[in-house]
Amino acid sequence: MNNKAERLKNAKPMPQAEVDASLAHRLPPGQTVTERFPILHEGEVPVYSLPDWRLRIFGEVEKELEFSLEQLKEMKQTEQVCDIHCVTRWSKFDTKWEGVLFKDLLPLLGVKPEGRYVMIHADNDYETNVPLEDLMRDDILLAFKFDGQPLTPKHGFPLRLIVPHLYFWKSAKWITGIEFMKEDRPGFWERNGFHNVADPFREERFSGEDLGLPEDLWKECDYD
Ligand SMILES: Nc1nc2c(c(=O)[nH]1)N[C@H]1C(S)=C(S)[C@@H](COP(=O)(O)O)O[C@H]1N2
Ligand SMILES: [Mo]
């Protein structure tokens, strides 16, 4: 099993921070609220030449497509506020994002009826799988901005996905492609000990075995 899943399972319990009773229903089991914004990823923060940046659409589509940043920025931009939940047990309430709703992009993509599963491709060689049905929800965003500002490089500049109802590893930073597939296929963390679905309210952290214990790995990581 991958080290990260192993470390999470073996970590010591951490006391749950107090959360206001009116917000308690928004905090999934085993999570702690943080005001900060931890930075978590594998590998280096990618550096881009923006004129060359493309979002590639491929797999079960009528025709492969590419979108430039300008094309995506010319589309309708939507602002939304949502809660985010990381499998390393931090949750952050009321995060504000802005960008293109996936459901606004989808009609332009010519997806074949059999393309019911999606692999999100990102730098560096990151990938995560989400069923198309999940991405068709009203709150799935290809986000350019966080809190009214362009994404910082560490949080996914120029474009990241936001999938609020699943653990945050599904919200790929630095996205480069959207692949439509006939069959589901596990992404990077999904192949390395993490749950394929990843619903935080059902505590779907790990694949197979029982749930791990609370952990404080994220408290040592970078923030901004
Ligand atoms: N491209 C890419 N996206 C990624 C990751 C990664 O390693 N590479 N890590 C994921 C994980 S595990 C988490 S918790 C969130 C963290 O996002 P943040 O650094 O903005 O908090 O990004 C997700 N998206
Ligand atoms: Mo994560």
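**Figure 1. The second largest pocket of the predicted model holds about 160 Å³ of space.** A pocket here is an open set of points on a 1 Å grid over the protein atoms alone, where a 1.4 Å probe fits, with protein on both sides within 12 Å along at least five of seven lines; lining residues have an atom within 4 Å of a point. Points are joined across faces, edges and corners, and a volume is the space filled by probe spheres set on them. The lining includes Leu50, Leu69, Lys73, Phe144, Phe157 and Pro158. At least two lining residues come from each of helix H2 (69-74), strand S6 (90-101) and strand S9 (141-146). Helices (H or I, at least four residues) and strands (E, at least two) are DSSP runs, numbered from the N terminus. By class, the lining has 6 nonpolar, 2 polar and 3 charged residues. Ala, Val, Leu, Ile, Met, Phe, Trp, Tyr, Cys and Pro count as nonpolar, Asp, Glu, Lys and Arg as charged, and the others, Gly among them, as polar.

**Figure 2. Ligand 1 sits in the largest pocket.** To sit there, more than half of a molecule's atoms must lie within 2 Å of the pocket's grid points. The volume of the largest pocket is about 360 Å³. Its lining is made of 24 residues, and Leu40, His41, Tyr126, Lys173 and Trp189 lie nearest the centre. In this lining 13 residues are nonpolar, 5 polar and 6 charged.

**Figure 3. Ligand 1 is surrounded by 21 residues.** A residue counts when one of its heavy atoms lies within 4 Å of the ligand. The closest are Pro38, Asp123, His155, Arg160 and Lys173. The shell divides into 13 nonpolar, 3 polar and 5 charged residues. Polar contacts are pairs of N or O atoms within 3.5 Å. A polar backbone atom of Asp123 lies 2.6 Å from a nitrogen atom of the ligand. Taken alone, ligand 1 exposes 530 Å², and the protein buries 99% of that (Shrake-Rupley method, 1.4 Å probe).

**Figure 4. Two loops contain cis peptide bonds, at Asn124 and at Pro158.** Most residues other than glycine have a negative phi, and most peptide bonds are trans. The bond from Asp123 to Asn124 is cis, with omega near -10 degrees. Asn124 belongs to the loop between strand S7 (117-122) and strand S8 (126-131). Asp125 is in the loop between S7 and S8 and has a positive phi of about 55 degrees, although it is not a glycine. From Phe157 to Pro158 the bond is cis, with omega near 10 degrees. Pro158 lies between strand S10 (149-150) and strand S11 (160-162).

**Notes.** Residues are numbered from 1 along each chain as its sequence is written, with chains lettered from A and ligands numbered from 1 in the order in which they are written. In this predicted model, local features need pLDDT of at least 70, side-chain atom pairs count only at pLDDT 80 or more, and totals for chains, interfaces and linings use all residues, while side-chain values use heavy atoms, leaving out hydrogens and water.

Methods:
Polar contact = N/O pair within 3.5 Å; in protein donor to acceptor, adjacent residues only side chain to side chain.
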